[in-house]
Amino acid sequence: MIYQLSVALIAVAFAVLVFFLIRTLKSAQGSLDNVSQTLQEVQKTIDELSYEVKQTVRHANDITADVQHKMKKIDPVMESVENLGEVLSEVTAAAKQVSTTLMTRFQARPSKAEAGKTSESNQVTVPPATPAERTVQSYEATYQDKTKGGKNWMNYVDLAANVWQRMRK
């Protein structure tokens with residue numbers, strides 16, 4: 001009888017084990033079904049995104065081609081700006097050379113202010129007309145050495161600046 005009871009107990013234990021194993025397998029099957037469904041949704045989303053990414057790449061390629069086309073159109077303008085810069089540099093150099101030449105010519109001649117001086121004083125008798133001339137005359141009145149009778153170089157600088165301004169206009 002012990003054998004029969006042992007076999008019966010083993011059969012009951014095996015039945016309980018199979019019952020719980022079946023429940024676990026059904027639970028695992030439900031989880032796998034959910035994973036499968038999730039993977040299908042992910043695959044669908046990836047397909048949609050890949051289509052959108054491809055469209056974005058195509059659009060970016062179109063934009064790049066358009067920008068390259070427009071850059072080719074702008075190239076002559078940029079060359080013109082470069083040439084204009086070179087011309088302006090040459091004009092500036094020529095104007096500098098002209099102003100230097102004018103300065104040397106004016107320094108060689110006696111100025112009207114020196115011709116208007118009296119032999120007794122070194123002050124200019126012509127009243128100043130512009131603020132620059134007033135500044136020059138006030139500088140002369142303050143700093144000019146009356147014993148040496150030096151050149152009136154500030155008038156030359158002022159005259160050159162006035163000539164330069166008129167040439168620019």
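Biologist: What makes Phe19 and Phe20 an edge-to-face pair?

Modeller: Planes under 30 degrees apart count as stacked, over 60 as edge-to-face and the rest as tilted. The ring centres of Phe19 and Phe20 are 5.5 Å apart and the planes sit at 70°, so this pair is edge-to-face.

Biologist: And why is Phe19 called partly exposed?

Modeller: Buried means under 20% relative accessible area, exposed over 50%, and partly exposed in between (1.4 Å probe, protein chains only). Phe19 has 48% relative accessibility, so it counts as partly exposed. Phe20, at 47%, counts as partly exposed too. Across the 169 residues of the protein, 8% are buried.

Biologist: Where do these numbers come from?

Modeller: This is a predicted model, where local features need pLDDT of at least 70, side-chain atom pairs count only at pLDDT 80 or more, and totals for chains, interfaces and linings use all residues. Residues are numbered from 1 along each chain as its sequence is written, and side-chain values use heavy atoms, with hydrogens and water left out.

Biologist: How confident is the predictor, and where is the mean pLDDT lowest among the elements?

Modeller: pLDDT is the predictor's confidence in each residue, from 0 to 100. The protein averages 80, with 73% of its residues at 70 or more. Helix 2 (residues 112–115) has the lowest mean of the elements, 53, while helix 1 has the highest, 90. Over residues 118–124 the pLDDT is below 50, though that stretch has 12 contacts (heavy atoms within 4.5 Å) beyond near neighbours in sequence.

Biologist: What counts as a helix here?

Modeller: A DSSP run of H or I, at least four residues; strands are E runs of at least two, and elements are numbered from the N terminus. That gives 4 helices and 0 strands.

Biologist: What makes a space a cavity?

Modeller: On a 1 Å grid over the protein atoms alone, it's a set of points where a 1.4 Å probe fits but cannot get out; lining residues have an atom within 4 Å of a point. The structure holds 1 cavity of 30 Å³ or more. Its lining is Ser99, Leu102, Met103, Phe106, Ala160 and Val163. Helix 1 (2–108) and helix 4 (153–168) each give two or more of those residues, with helix 1 giving the largest share, 4 residues.

Methods:
1 Å grid on protein atoms, 1.4 Å probe; cavity = no way out; pocket = protein on both sides within 12 Å on 5 of 7 lines; lining within 4 Å. Points joined across faces, edges and corners; volume = space filled by probe spheres on them. Phe/Tyr/Trp six-rings, centres within 6.5 Å; stacked < 30°, edge-to-face > 60°.
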